[in-house]
Amino acid sequence: MTGWIPIVAFLTFFGTAFAQRDFSAVKIKTTRLTDRIYMLEGSGGNIGVSVGADGVLIVDDQFAPLAEKIRAAIGELGGGDPTFVLNTHYHGDHTGGNAHFGEKGVIVAHRNVRDRLAARRVDDRPLPETALPEITFDEGLSIHFNGEELRVVHFPNAHTDGDGVVFFTGSNVVHTGDLFFNGRFPYVDLRGGGNVQGYIEAVRSLLKQISPDARIIPGHGPLAVPDDMMTALEMLETCANLVKESIAAGKTLEEIQAAGVPEKWQSWGQGWMSTDRWLAIVYNSYK
Ligand SMILES: [Zn+2]
């Protein structure tokens, strides 16, 4: 039961609730990282944009009702319809715009992202074919676009079973997808093949591959630097150790939640992703 409740809440939150949510007040905020790389924030996962001579490539596309606003924000950067759309994973707050952008662009993602999107039903109907990735990879792939190599690397069983991180190798920028929630507890999709231990191993591995002066577009939260991700790793390791020790001592999830997290991390429980929910995810990853 302990694992079941958050999962149902998650599906409700990311499914029905978002399908019916009013996005009319959402504004897209654009942050310039280099002369060709931008970060867009609206509602849902952060978007990375490359605009240049080859056209437009975006990493993730938030929710379907925001597609026109995202397209307008890209237009203000001098770009048109994206040629490529990279999905960092299958969650609806990162792939909701696929049906729109997939009409004219090619969607690229890990094989498991395509499988999970193909299995999704909205009001008992499958997603349109245009919403599914046309190019899939297992370990990773590179796209040579706007004068640099974009290296997409798969990290197994972390946030989901289909996580891809995008390295903009010439720009020293990394889009981590949901392997990084900057300043807040991460959701980890246990039903979607994710696991807190895998998540920690992915973050450790990622930090070794990112140069100290890189800039990081996290899945959620503000633009970051590797030090911010180190802080997130410290939180992950602290909470994992705490929960593992408590399980070894025979404590129940309820007791672990009652004890909470060290003061340093208490502000990381935000909105739906509360400290209790986070501790339940950690508990269910190790029990
Ligand atoms: Zn996600």
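Strand β3 (residues 47-52) and strand β4 (residues 55-59) run antiparallel and are joined by 5 bridges; two strands count as paired if DSSP finds at least two bridges between them. This is a predicted model, in which local features need pLDDT of at least 70, side-chain atom pairs count only at pLDDT 80 or more, and totals for chains, interfaces and linings use all residues. Residues are numbered from 1 along each chain as its sequence is written. Helices (H or I, at least four residues) and strands (E, at least two) are DSSP runs, numbered from the N terminus.

- β3 and β4 are linked by a hairpin through 2 residues.
- Across this pair, S50 stands opposite L57 in β4, and V51 has V56 of β4 as its bridge partner.
- On the other pairing of β3, strand β2 (residues 37-41) joins β3 over 4 bridges in the antiparallel sense, with Y38 bridged to V49 in β3.
- The hairpin of β2 and β3 has 5 residues between the strands, and G44 in this hairpin takes a positive phi near 105 degrees.
- β3 is mostly covered, with 5 of its 6 residues buried; a residue is buried if 20 or more other C-beta atoms lie within 10 Å of its own, exposed if 12 or fewer, and partly exposed in between, with C-beta atoms placed from the backbone.
- These strands belong to an open sheet of 7 strands in the order β1-β2-β3-β4-β5-β6-β9, with mixed pairing.
- Its edge strands, β1 (29-32) and β9 (135-137), each pair on one side only.
- Neighbouring strands of this sheet are turned by 20 degrees against each other on average, direction ignored.
- Helix α5 (residues 111-119) packs on the sheet and touches β6 (106-110) and β9, its direction making about 110 degrees with that of β6.
- Axes are lines fitted to C-alpha atoms, for helices over the stretch in contact, and angles run from 0 to 180 degrees between N-to-C directions; two residues are in contact if their C-beta atoms, placed from the backbone, lie within 7 Å.

**The five-stranded sheet**

- A second open sheet, of 5 strands, has the order β10-β11-β12-β13-β14 with mixed pairing.
- Here the edge strands are β10 (140-145) and β14 (215-220), each of which pairs on one side only.
- Between neighbouring strands of this sheet the average turn is 25 degrees, direction ignored.
- β12 and strand β13 (residues 173-181) run antiparallel and are joined by 3 bridges; F168 has V173 in β13 as its bridge partner.
- Helix α6 (residues 196-209) lies across β11, β12 and β13, and runs at about 160 degrees to β13.

**Two residues with positive phi**

- Most residues other than glycine have a negative phi.
- D123 has a positive phi of about 50 degrees although it is not a glycine, and D123 lies in the loop between β7 (121-122) and β8 (125-126).
- D123 counts as exposed because it has 6 C-beta neighbours inside 10 Å.
- N157, also not a glycine, has a positive phi of about 45 degrees; its place is in the loop between β11 (148-155) and β12 (163-168).
- N157 counts as partly exposed because it has 19 C-beta neighbours inside 10 Å.

**A helix pair**

- Helix α7 (residues 226-248) packs against helix α9 (residues 275-286) at an angle of about 60 degrees, with their axes 9 Å apart.
- The contact is made by C239, A240, V243, K244 and I247 of α7 and by L279, V282, Y283 and Y286 of α9.
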